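Hello,

Here is the structure I said I would pass on. Please open it first, and then read the notes below alongside it.

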Amino acid sequence: MLNMAEQEVQDSPVGWVANHIRTYVESEGAQSRYFGHDVLLLTTRGRKSGKLRRTALFYGRDGDRYVLAASNGGNPHNPYWYLNLLEEPKVELQVGKDIFSALARPATEEEKPALWRLMVAIFPQYEVYQKKAKRDIPVVIVERINDPAS
């Protein structure tokens, strides 16, 4: 894992996200859904600060892989969590009660169309965000790793 026991984790500064993270953590993952959608917690290492950063994201599943859309609500720039994992792909996920180390990477051009359709089926608002963003919203694949340090 990302040595979370030794370091403070900073939660998203966005109010509703921070509130959901707090509920998620305090309930030990029992209250993981948000407005009817499955949510996971993603912890990355800040590419500039080196600090651990945690956010809550809707996710899809592709077999054993977790799929995320770096939509940033349709803003014109990629979310910080995405920029962080490009710099340091080793991340930590909490999915319900399960907390584990994982490797994250952008989907390839070949993988992305099917995974994008998966994410839009889960949360149709992503199509609206794509039109608004004026950038190609990345899709991220996250895979569990066996980490002897965890």
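The model is a predicted one. A place to start is H20, which sits in helix α1, residues 15-26. Is H20 buried or exposed? Its relative accessible area is 8%, and buried means under 20%, so H20 counts as buried. Setting aside neighbours within four places in sequence, H20 is in contact with Q31, S32, R33, Y34, V39 and A56.

A56 also turns up in the largest nonpolar core, which has 21 residues. Along with L115, W116, Y126 and V139, A56 touches the most other members of that core. At least two core residues come from each of α1, β2 (39-45), β3 (52-58), β5 (65-69), α3 (112-122), α4 (125-133) and β8 (139-144). The largest share, four residues, is supplied by α3. Another core, of 18 residues, lies apart from this one, and includes L57, V95, F100 and V142.

Next, helix α3. Its buried residues are K112, L115, W116, M119 and V120. Viewed down the axis of α3, these fall within an arc of 140°, so they line one face of the helix. The general rule is that an α-helix has 3.6 residues a turn, so residues three or four places apart point the same way. On the other side of α3, R117 and A121 are exposed. The buried residues of α3 pack against β3, β4 (60-62), β5, α4 and β8.

How do α3 and α4 pack, and at what angle? The angle is about 120°, and the axes are 7 Å apart. W116, M119 and V120 of α3 make the contact with Y126, E127 and Q130 of α4. By type, the residues of this contact are four nonpolar, one polar and one charged. Not counting residues up to four places away in sequence, Y126 touches F58, A69, S71, W116, M119, V120 and I137.

Last, the sheet. It is open, has eight strands in the order β1-β3-β2-β6-β7-β8-β5-β4, and its pairing is mixed. β1 (9-11) and β4 stand at the edges with a single partner strand each, so one side of each has no neighbour in the sheet. On average, neighbouring strands are turned by 35° against each other, direction ignored. β1 and β3 run parallel and are joined by three bridges; D11 stands opposite R54 in β3. Helix α2 (residues 80-87) packs on the sheet, and its direction makes about 55° with that of β2. α3 packs on the sheet as well, with its direction at about 75° to that of β5.

Regards

Note on methods. Residues numbered from 1 in each chain as written. Predicted model: local features only at pLDDT ≥ 70, side-chain atom pairs only at ≥ 80, totals over all residues. Heavy atoms only, no water. Buried < 20%, exposed > 50% of the residue type's maximum accessible area, 1.4 Å probe, protein only. Contact = heavy atoms within 4.5 Å. Core = buried A, V, L, I, M, F, W, Y, C linked by side-chain atoms within 4.5 Å. Arc of directions from axis to C-beta. Axes fitted to C-alpha atoms, helices over the stretch in contact; angles between N-to-C directions. Nonpolar A, V, L, I, M, F, W, Y, C, P; charged D, E, K, R; others polar. Pairing = 2+ DSSP bridges.
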